[in-house]
Amino acid sequence: MTDTPTLYEVPERVSAGSPSSVPDMNAWRREWLRARNNPDGFWLEQTRDRIAWRKAPTLGLEGSYSTVKDGPFSWFSDGTLNITESCLDRHLEERPDKVAILYEGDEPGAVERITYRELHARVCKAANALSELGLKKGERAIIYMGMVPEAAVAMLACARLGAIHSVVFGGFSSEALRDRIRDCGAEMVITQDEGMRAGRTIPLKETTDAACEGEHSVKSVVVVKRTGSDVGWTEGRDVWWHDVVEPASAEHEAVECAAEDPLFILYTSGSTGKPKGVVHTCGGYITYTSYTHQVVFDLREDDVYACVADVGWITGHSYIVYGPLANGATTMMFESTPLYPDAGRYWDMVERHGITTFYTAPTAIRALAAKGDDFVTKYDRSSLRVLGTVGEPINPEAWEWYHSVVGEGRCNIVDTWWQTETGGMMIAPIAPATPTKPGAASNPLPGILPVLVDKDNRILRGPCSGHLCVDYSWPGQARTVWGDHARYVATYFSTYPGRYFTGDGCRRDEDGYYWITGRVDDVINVSGHRMGTAEFEAALISAEDVAEAAVVGYPHPIKGQGVYAYIVLQPDSESDGGEALEKALNGVVRTQIGAQARVDTFQIVPGLPKTRSGKVMRRILRKVAERDVSNIGDTSTLADPSVVNAIIEGAGLTPPAL
Ligand code: WT7
């Protein structure tokens, strides 16, 4: 490696927040240096120690960020394995009766405990059943489900067959689901009759039926019965999960895969176009999720680990299913929401299950803090040891509340920065070693080489702010975009040639700590959910009344970011732009994207601020949405500068004096 400028100083004088131990931190610092000096050796050692390989790899990284345009780089390429043997089979000897999945359904106390022995049997049965239905190695299966144990079983069953799963979050609409089915050419969809969330049903089968209409790649739809309500049925295509899985054999010989065979595709939003199918591969991904899950959370054999995300997102893949199961942990699956039946639900579960490690998103913490401390303090939280956050920057006030109220001031807080594309955590404290600072993701984990660069791709040193890149690959890194490697290269490796560009802005302080400041591209992060402004705009423009639309994010006290849409109406539109229009437009957004997508603020404008070359100047729109127009910068390149004042006044603000 040429220039490896990452600072990783141990800040002896930092001791804010949680209990910490600088001597431990020095050991981690040596570990980080060891990994930096010999990444291949470091990761080969990790994977051999943690993962059950059929044929152990001898090769580390092949290829690089400079050659990625010619094809994906690889890790461990001469190894073979089936990752479910690491997640299931090998635990049969050491911990067969340990609870693997601790399931809590929508209603408090609706609990199911699935041991490693039972989980192994359920996955084998499902693998036999799916194979019987024709699912083969390399084929794609979409999993469109809520949080039921079968969602994890289905993921593992696909992995056991070497089939590639793509989990689509249960809130996505039929159109979004159809796009994904089409993009990956799925042979199978696994779904439920209905989902359950906060006492309400979600019509998963109905949405699947709408998505599959006219699609010919899908040969079978496997339906888990959750609520038992009547659903439409297509003979010859649809089968009940219980009809095919229950009678199947509980023995199944896992299919041997190459380290670099795809394990799953997960669609994620970017700044342009439709969501991309990010591809993660078997050997590297399972190594990296296992390593980071153990190290960051300081995992212990008797831990009760609860990540309350959804398997529809990468957090659920890496830190509900794959990382924890590879580590033989007890991992929770939670079907409901933090507010059902009331704001005490999480802490009620902590008390009932003796949860030691709890992982959630800042948006949930803020929402719960707003409900008052009583919902927390009335439950016994003495089992808690590590509290994690992920998904968006955590503001220091929320961090302090999590630390002092939830964690009674004695738990380690780990603010973990990572992305769908990184597969696992990248910059995060290591509990209990890292001295923490409220709001900072802290330091890179061993094997991770972040750099901050300016817009000319020059490395910034010392305390500074810049764009966050990573200078060297790690095993958990996504390898490509499904069906479009050129898009992968263009998205991640062309802005700063030779580096992986994360899309995030970041500050590094005088102690070398990293503070993620948020996206610097046109991606908005609402409640930890990543959404592309382009997707919103495409949906809005498709509405009859709308001629043009531009969408930006703005700070929102609970959700992190809210969605602000500027709408130019069609000249012949009869709408007065009131509530009825807003409702209709949000209806369109919901149909095209999903239930999690919603515009918070609409503003009807006479025109968008466009440059003479037709590019929308989003900077101005962001300023207005943030309600700060004191410094909107140069507008002289606009085709029609007068539109700016109209937009500012339309928002009820006063244009700055020129
Ligand atoms: C984007 C990735 C990683 C799983 C959930 C989101 C933001 C994520 C943090 C954090 C500040 C964070 C970044 C990143 N983000 N974690 N701890 N502090 N920002 O995955 O949907 O791929 O989104 O989430 O902006 O780029 P994702």
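Colleague: What makes Lys98 and Glu301 a salt bridge?

Modeller: A salt bridge is a side-chain nitrogen of Lys or Arg within 4 Å of a carboxyl oxygen of Asp or Glu. In this pair the closest N and O atoms are 2.9 Å apart, so the pair counts as a salt bridge. Lys98 lies in the loop between α4 (91–94) and β5 (99–104) and Glu301 in the loop between α10 (282–296) and β17 (304–307), so the pair ties together parts that are 203 residues apart in sequence.

Colleague: What is the model, and how are residues numbered?

Modeller: It is a predicted model, in which local features need pLDDT of at least 70 and side-chain atom pairs count only at pLDDT 80 or more, while totals for chains, interfaces and linings use all residues. Residues are numbered from 1 along each chain as its sequence is written, and side-chain values use heavy atoms, with hydrogens and water left out.

Colleague: Why is Lys98 called buried?

Modeller: Buried means under 20% relative accessible area, exposed over 50%, and partly exposed in between (1.4 Å probe, protein chains only). Lys98 has 15%, so it is buried. Glu301, at 46%, is therefore partly exposed.

Colleague: Why does Arg54 with Glu253 count as a salt bridge?

Modeller: Their closest N and O atoms are 3.9 Å apart, which is within 4 Å, so the pair counts. Arg54 and Glu253 also belong to a network of salt bridges with Glu85 and Glu256.

Colleague: Why is Glu253 called exposed?

Modeller: Its relative accessibility is 63%, over the 50% cut-off, so Glu253 counts as exposed.

Technical notes: Helices (H or I, at least four residues) and strands (E, at least two) are DSSP runs, numbered from the N terminus.
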